[in-house]
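Trainee: Could we go through this protein together, one spot at a time?

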Amino acid sequence: MTSASDFRSYGQNETLISSIRNIIKDYPFESIFKEFLQNADDAGAKKFHVIVDDRSHPNNSLFCDGMKEWQGPAILIFNDAIFNESDFDSLMRIRIGGKQDDDTKIGKHGLGFNSCYHFTDVPSFISGDSIAFLDPQEKYLPMRNGFPQRGIIGPFPRNGIFDSPERDQFVPFEGIEGINFRSTFNGTLFRIPLRRRSSKISDRVFSINEVLDLFVKIKSNVTSQFLFLRNIEKIEVSHIFAATSFKMVSLWNATVNGLDEGTRNKRKHIVNGDVRIFRMEVELIDISNDVQNDQWVIVTGAQDDPRDSELQRYARQYRLRVLGGVAALLKSKKYNKSEIQNDSKESNESKESKEGTLSNRPLIRQQRNSLFGSLTVHPVPSKFGIPKLSNSPNLPILVNNKQENVKSSDFKGRLFSTFPLPDTTCLSVHLNGTWAQGSDRARLLIEKDDDLPDMDHQKLNWNRHILLEFLPSLHCKLLEEIIKLQNDKKLDFKNCISKFWPFPFASHNFPKYVFRYGCKVLHCMLESNIIFQSINQDHYYQHFRKVYFSDDENNRVDILFKCLSIDNIENFYKLLRNNWDAIGTNREPLKLMIRRLPIWPVRSNSPMTNRKLGYAPVSIGYVLPKEFKMYRTRSDKIFLAITDETDVNILKDLDANLYKISDYVFNDVDLPEESDDNYVNFLDSVLENATSGFGQITRDLKFPNAFTKELMHISELFNYDNIVFRTVFGGNSHVFLHHNLVKHKAKLSTIGFNDKLSSDVFHRCALKIEEFQKKKNPPMDIRQRGFILVDHFYKNVNKYQIEEFDRIPFVPITKSLDHPYNNYYNYPKKLGCFNDIILPQYKSVAWSQKTLFAEDIIPPPTVLEKYPSFGKPDGITVYKWLAEKCSKENLRLKDHIEIYEPLFLNLCKSQDPFDTDNWFSAGNLVLNAEPGEDKYINSRLAKHYAMLKSTGVKEIKVPNFKVQNTNTTDQTLGDIYKELLRLADDYELGHLKDLMELLLSRTVTRTNIRDMEDKAKDLNASQLKEYCTNFITDNEYF
């Protein structure tokens, strides 16, 4: 059976050494300075002194032999406050400390002292009447009752140490800051002997030069270390050289000058809801007598618990209080005290020798490279081992060593948690707050991150409350004070609002939250009555109408922005672009403010050179598409510039007036009387960007042509890239659209632009060629113009109806004909009409009365297939002309044509003139042939008797013989038949015979002549027989 006696001790445990090792992992070794400084300030000390002691002390009379290792070089840290009992106790409580219940103390975590373990394993200190030694490893201090000790504390000797059995243990303290071991020490002195080899606490071993270099570098920003401390007024770093005699040299010291009790109380005490404003002058002097004098104005304050219940719980849980401050550097001057004294002495001597010739003001001999960038460090003897002091990268660059204001571009504001944090804001001020952070006060959460754990979200919300809800009002109070100082002529510069404008330069690298912070400060400024009661004309810049300001003299935005430089305004716009996303979703309050600020660039355009305006508020501006190019306007509207989609998105979020191009064109553009480059660019932009109302926009606009300044309706303009248009109208014609606009041909075609040929456009081209031909001096290439148009018709024959343009003379014709047609071919024009031109194969048909297609534009089969009658003559006009020529001029056509060439249109079989069966040769035609005969000539052709005879057409002649009729009465055929009936009744056959012979003679033709001759013989009809004989004789060639 198991009993309690069977169990042994077991449980989780963290050794002291492990705790210290873990703590110093979070504390960089550089933090030792500020950790001890903050403890001194919390203790109420006014003086803080760090001494790098390079000495090695005797080790004959120590607590024990183990302490011999710690008698070498050390860091001594002094402050003039004495530990009380609770301070001694808190130092022993790792991770708890003694300041947990005091939310005004800087260090509440009990961790800062442990930063000394970066350098040592056995720290010690004297305070008041007590001296203490610590040994976390229980390795070096003497045993007590057989057990090792982690530390010892007790009174130090009061009668000096000469007779003390542990005399050498106290020697390192003697003479430091007045320690004599005879009276109470009014302060606290820590001794941190340097580790000589690695240990369980740390592997790091520091040399004396590394320590010196560390504290020399601290000097670079030491003046700002005072800003948010409550009590410290002097900080000094000294060096005790490794010499046999005691020799301590001050490397540098910084002092707060001229503090009165009122200012001390403002620094020390902070009451909720109370704002403290005070000025502070800090002077830094180094070993070379280089001096830096900085003058600051500081605002501090405290706030009751946040209204947010979660933040209240967080503050109570971690004993946090809403505290903070803002500090601005008003002036920084640098000089070398020795040189000024020498210059003053030389000046006085010169004045005595040359009275009145020189001013007694200190002279600046030359600029030298020194610790501060303008002076030379006086050399220190090398035997002292002082490392070379490097230039300070963070201090303002000043022009001379008397005095010069710090350049705003060189000052970079930081976040402080009493001391500077790594976070750079690049503002013109430093911001201090009780931030929620890691134990080393170096990790700060402000940027929003949804992936953070819940604990970090609480820290984030706390920090954002301080930054965005608390500090902006303090910042505003600071600016109120600075404006007052300028008005009271207590500043050496003007335009203080511009100088301390609460926004960084956009070119700097700063966290996103800084812009939102600046907006919060700006909002407070606009709400501050004190600021606007204090601003006067002395604060204004001369903007020369580059910034839009309203006519309202009480407009606070206008008043404030008149105090800003153009650089400030331009920078704000850049910041807005770069940080808009960081503002977050709750933008409404900021949107209302930003809309009113005259920070948005105004669009400029060369036609509007008379306008100097550069910036205007979004609330009064209009926004056109970002690529749209403007033209001169007749209205007073202000149009905002757009660089890219970022601008577009911001302007949309700010509810900017997005202006339609159509409204702009109709309401604002001052349309020109003639074209210019800006107008072309404007039209190009309209066509590129306009969507809705495009047709309405462009219908009312006139467009430039390619070669003149004349503006024309779009329907009058053609595409130069179209070979037909370019040829028809000529390469330099004013009818071509400007070449920069041709790329929009698809859009322009919808409103009448002549991009391609249609029936209407083809007709216009034909008329244009006709117009050219009518000129006194037609273009030399007019035939080519006609050719290109005809060629287009041939290739696109199915698009057109030839009847629409067949009477317009634009078709190239044959220039001349061969013999004999050339005798009568006289056409001075080079172009003819489709309906009056025939194909070359019909040359002989047309003789010379029809023009022929030029050889290079003979219609292809596709055209002839669609238009079968194309290029074929009708003959009538030609026949009339030929008949006249034959009768009057005895023209013998048969000498010029072939007898069997089908040149004559003889509509017999059908009425289709294009039926080849209706075309006959002269040899196939017979005059006076009867209808139905194969050589019959219709009446329309037969009337051209002279022409037909001239070509050799045969003729049927009627015999010059008449059949006698015994009855000379002029009777009709009906009368003859009646007479025949009557004769038949009376049987008078002789008279009937005569009538029969007469009638039959009229029916004699070429085809029945032989039958008729035989019948006359049979009937013994002598008259008819004689008629037939004569017919045969007269027409014997048939």
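Predicted model: local features only at pLDDT ≥ 70, side-chain atom pairs only at ≥ 80, totals over all residues.

Mentor: Residues are numbered from 1 along each chain as its sequence is written, and side-chain values use heavy atoms, with hydrogens and water left out.

Trainee: Is S124 buried or exposed?

Mentor: S124 sits in strand β3, residues 124–128; helices (H or I, at least four residues) and strands (E, at least two) are DSSP runs, numbered from the N terminus. Buried means under 20% relative accessible area, exposed over 50%, and partly exposed in between, with a 1.4 Å probe and protein chains only. The relative accessible area of S124 is 4%, so S124 is buried.

Trainee: Which residues is S124 in contact with, leaving aside its neighbours within four places in sequence?

Mentor: Contact means heavy atoms within 4.5 Å. With those neighbours set aside, the list for S124 is A132, F133, F173, L189, F190 and R191.

Trainee: How are helices α12 and α16 placed relative to each other, roughly parallel or roughly perpendicular?

Mentor: Helix α12 (residues 513–527) packs with helix α16 (residues 588–596) at an angle of about 70°, their axes 11 Å apart. Axes are lines fitted to C-alpha atoms, for helices over the stretch in contact, and angles run from 0 to 180 degrees between N-to-C directions. Angles under 35 degrees count as roughly parallel, over 145 as roughly antiparallel, 65 to 115 as roughly perpendicular and the rest as oblique. Therefore α12 and α16 are roughly perpendicular.

Trainee: Which residues of α16 make the contact with α12?

Mentor: On the α12 side, the contact uses R516, C519, L522, H523 and L526. Its partners in α16 are L590, M593 and I594.

Trainee: How far apart in space are N754 and E716, C-alpha to C-alpha?

Mentor: N754 lies in the loop between α22 (745–749) and α23 (759–774), and N754 is buried, with a relative accessible area of 4%. E716 is among the residues that N754 touches. The two are 38 residues apart in sequence, and their C-alpha to C-alpha distance is 7.6 Å.
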